[in-house]
Amino acid sequence: MINLQSLSVAAALATAVSAPTASAQAPSPPQLMAVLTTADPQTQFMALTLLRTSGVDPEQMRILLCGPGGDLALKTPGETSPQTFGPQSSTAQTLLMELGEQGARVEVCAIYLPARQSDRSVLLETIGVASPTDIGPLLVDPAVRVLTF
């Protein structure tokens with residue numbers, strides 16, 4: 001015979017097991033956010049190299065490309081060939097794409113495309129468009145380290 005106490009314990013366990021946790025409800029913020037605005041190829045390359053070697057899992061990174069830095073997100077490079085660096089003769093765009101493939105969230109600023117009078121079709125497939133209401137809170141979140149280049 002099942003008593004009332006057994007039913008209460010079973011109900012409590014079922015609720016605890018099926019209740020969503022806070023982490024399941026909302027994704028955790030990234031550990032590292034980089035805002036890349038420079039047009040300088042050396043600075044772009046070094047910034048992305050530092051991100052790669054930071055020890056932070058790329059899935060915990062968010063990279064925001066604004067102004068001239070946003071040009072790294074374009075399918076078609078600028079008028080000149082991208083400058084290469086390092087032993088593998090990599091470009092900053094190559095490093096950016098590798099970080100994206102490893103799970104980093106890469107986006108251009110919300111005003112980047114309208115300022116260029118362009119649409120998403122000019123961006124590499126893995127690049128998104130950031131929302132100010134999404135980025136703003138991250139910039140002041142004490143759990144997120146923000147780097148600017």
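Are Phe 45 and Phe 85 buried or exposed? In this predicted model, Phe 45 is buried, and Phe 85 is buried as well.

**The aromatic pair**

A pair of aromatic rings is described by the distance of the centres and the angle of the planes. The count of aromatic pairs in the model comes to 1. Phe 45 and Phe 85 make up this pair, with 5.0 Å from centre to centre and 40° between the planes. The arrangement is tilted, because an angle under 30 degrees would count as stacked and one over 60 as edge-to-face. Phe 45 belongs to helix α3, whereas Phe 85 sits in the loop between β2 and α4, so the pair ties together parts that are 40 residues apart in sequence.

**The disulfide**

The structure contains 1 disulfide. Its partners are Cys 66 and Cys 109, whose sulfur atoms are 1.5 Å apart. The link joins distant parts of the chain, 43 residues apart: Cys 66 is in the loop between β2 and α4 (92-101), and Cys 109 is in the loop between β3 (105-108) and α5 (112-116). Cys 66 has a relative accessible area of 12% and is therefore buried. Cys 109 also counts as buried, because its relative accessibility is 15%, and the cut-off for burial is under 20%.

Rolling a probe the size of a water molecule over the atoms shows where empty space is left. The second largest pocket holds about 220 Å³ of space. Two elements, β2 (61-65) and α6 (132-140), each give two or more residues to its lining. That lining consists of 12 residues, and those nearest the pocket centre are Ser 28, Pro 29, Pro 30, Arg 62 and Arg 105. By residue class, the lining has 5 nonpolar, 3 polar and 4 charged members.

Arg 62, one of the residues nearest the centre of this pocket, lies in strand β2. With a relative accessible area of 5%, Arg 62 is buried. Beyond residues up to four places away in sequence, Arg 62 touches Pro 30 and Arg 105, which are also among the residues nearest the pocket centre. Its other contacts include Leu 32, Met 33, Ala 34 and Glu 107, together with Asp 134, Ile 135 and Leu 138.

**Thr 38**

Thr 38 is placed in the loop between β1 (32-36) and α3 (41-52). Its relative accessible area is 19%, so Thr 38 is buried; the cut-off is under 20%. Neighbours within four places in sequence aside, Thr 38 is in contact with Thr 43 and Gln 44, and also with Pro 68, Gly 69 and Phe 149.

**Positive phi and accessibility**

Most residues other than glycine have a negative phi, and most peptide bonds are trans. Ser 89 is not a glycine, yet has a positive phi of about 50°. Ser 89 lies in the loop between β2 and α4. Gln 117, likewise not a glycine, has a positive phi of about 55°. The loop between α5 and β4 (128-129) is where Gln 117 is found. The table sets out the accessibility of these two residues beside that of residues described above.

| Residue | Relative accessibility | Class |
|---|---|---|
| Arg 62 | 5% | buried |
| Cys 66 | 12% | buried |
| Cys 109 | 15% | buried |
| Thr 38 | 19% | buried |
| Ser 89 | 46% | partly exposed |
| Gln 117 | 76% | exposed |

Terms used: Residues numbered from 1 in each chain as written. Predicted model: local features only at pLDDT ≥ 70, side-chain atom pairs only at ≥ 80, totals over all residues. Heavy atoms only, no water. 1 Å grid on protein atoms, 1.4 Å probe; cavity = no way out; pocket = protein on both sides within 12 Å on 5 of 7 lines; lining within 4 Å. Points joined across faces, edges and corners; volume = space filled by probe spheres on them. Helix = DSSP H or I, 4+ residues; strand = E, 2+ residues; numbered from the N terminus. Nonpolar A, V, L, I, M, F, W, Y, C, P; charged D, E, K, R; others polar. Buried < 20%, exposed > 50% of the residue type's maximum accessible area, 1.4 Å probe, protein only. Contact = heavy atoms within 4.5 Å. Disulfide = S-S within 2.5 Å. Phe/Tyr/Trp six-rings, centres within 6.5 Å; stacked < 30°, edge-to-face > 60°.
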